[in-house]
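Please consult the sequence and the coordinates alongside each answer.

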Amino acid sequence: MTDALWWLPSVIVLGVVVGVIWLFVSASRRKARGIRAAENAEIAERARAAAISLVRADDLIEAATDELGFAIAQFGERATADFAAALDVSKRQLREAFALKQKLDDGVPDTDTQTRQWTEQITRLADEATNRLNAQTREFDTKRVVEQNAPLQLERLRRRLDRATDRLAGGAATLTRLATSYSASALASISGNVERARAAIEVGLRAADAADARLAAGATEPVGEQVSAAEQALFTATALLDAIETGEDELHVGFASLGTALAAAETELAEARALRDRHEESDASADLNRVIAAADAVVAELRRPGRVSDPSADLARLREALDGLDVTRSEARNRQLRRDNAREAYVGARLAARSQIGITRDFITANRARVGAGARTRLAEAERQLALAEAEADPVTALDAARRAMTHATDADALAHYDAR
């Protein structure tokens with residue numbers, strides 16, 4: 001009986017495997033259907049958005065066409081040329097978008113890639129056309145507001161132009177006053193501002209007069225360009241006059257900085273003179289004296305009574321002189337410091353060499369019969385170097401000689417001990 005049912009376990013295993021495969025395939029199909037449904041929903045949503053953009057752009061083109069007619073009647077064809085060009089471009093884009101929409105709606109099957117590309121292109125074309133026309137419409141809305149408010153705006157502009165005219169005398173007086181303290185190069189950036197501001201004010205007044213004349217005559221031509229020209233001229237004149245006041249402040253600040261820098265320069269020169277007077281090297285003192293004289297001359301020139309100043313250029317000139325002074329003073333200070341350090345180190349080096357020479361001499365004397373010429377020669381050289389060190393006036397050279405004496409004395413001691421073994 002058992003032998004007759006040998007196949008039953010295999011059937012059970014096969015059934016389990018088939019069931020697992022069926023479950024996997026079913027799940028994959030459900031997942032694929034879900035992905036496809038999501039893609040179809042996305043495509044449908046994009047198509048709906050594209051259709052809305054297309055309808056909005058078509059309505060806007062119709063409205064913009066009417067708006068362009070009104071604008072031409074109010075502002076003329078020259079002023080509306082950009083508007084007309086924008087409308088033509090938008091119409092061409094919309095025709096292209098409608099052609100793509102027709103390809104999507106006809107009976108010819110389209111691939112998913114084609115559907116996506118055409119839908120995105122429709123949306124882009126419609127949105128570009130819409131944005132372009134909205135920008136033009138806003139611009140002409142602004143122009144209409146200017147036209148409506150032109151009388152009041154011109155009145156305000158005239159008052160501001162009058163105030164700018166009143167400032168011309170003050171600007172001229174400021175420049176005259178500054179010329180007594182500051183050089184032409186320092187005033188170069190603002191010296192002609194009064195004349196340029198006066199010319200700009202005249203341009204603004206002429207533009208305002210032209211606009212007033214059109215309004216008084218009841219002319220239908222727009223006055224926005226004249227109003228804008230008057231505003232630009234006023235802005236230019238105001239900026240030029242403001243620059244005179246700002247320039248005066250900057251010059252005074254620069255002059256104060258120059259005074260501070262000159263005081264600091266006096267301190268640096270005093271330190272350099274002190275270093276020169278106590279320096280032990282004549283060539284270093286000579287170098288210091290040269291740069292001190294050059295910096296002194298610059299400081300004296302900048303402090304000369306009645307001199308007109310260019311603070312920026314004067315500060316640069318002073319800084320250049322002080323930079324040369326700083327370099328030379330730093331080199332001289334290092335050289336003096338080296339001598340001072342050598343002088344301090346020499347005391348210890350001399351004592352150490354003298355002590356080592358004495359110890360070595362005593363050892364050689366005690367072992368005269370066994371110590372050879374080598375040790376004696378090095379001891380003699382050590383004594384000679386020590387004598388040179390003690391006779392040398394330059395502390396750096398004396399220190400080097402004392403160290404050589406110590407080296408020879410140490411070598412002599414080593415050789416003497418080697419011989420005496």
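Q: Is Arg 384 buried, partly exposed or exposed?
A: In this predicted model, Arg 384 has a relative accessibility of 44%. Buried means under 20% and exposed means over 50%, with partly exposed in between. Arg 384 therefore counts as partly exposed.

Q: How many residues apart in sequence are the parts tied together by Arg 350 and Glu 390?
A: The side chains of Arg 350 and Glu 390 meet in a salt bridge, with an N to O distance of 3.1 Å. Arg 350 lies in helix H8 and Glu 390 in helix H9, so the pair ties together parts whose separation in sequence is 40 residues.

Q: What is the N to O distance in the salt bridge of Glu 383 with Arg 361?
A: Glu 383 is partly exposed at 30% relative accessible area, and Arg 361 is partly exposed at 36%. The closest N and O atoms of this salt bridge are separated by 2.4 Å.

Q: Are helices H8 and H10 roughly parallel or roughly antiparallel?
A: The axes of H8 and H10 come within 8 Å and cross at roughly 25°. Angles under 35 degrees count as roughly parallel. The crossing angle therefore makes H8, relative to H10, roughly parallel.

Terms used
Residues are numbered from 1 along each chain as its sequence is written. This is a predicted model: local features need pLDDT of at least 70, side-chain atom pairs count only at pLDDT 80 or more; totals for chains, interfaces and linings use all residues. Side-chain values use heavy atoms; hydrogens and water are left out. Axes are lines fitted to C-alpha atoms, for helices over the stretch in contact, and angles run from 0 to 180 degrees between N-to-C directions. Helices (H or I, at least four residues) and strands (E, at least two) are DSSP runs, numbered from the N terminus. Angles under 35 degrees count as roughly parallel, over 145 as roughly antiparallel, 65 to 115 as roughly perpendicular and the rest as oblique. A salt bridge is a side-chain nitrogen of Lys or Arg within 4 Å of a carboxyl oxygen of Asp or Glu. Buried means under 20% relative accessible area, exposed over 50%, partly exposed in between (1.4 Å probe, protein chains only).
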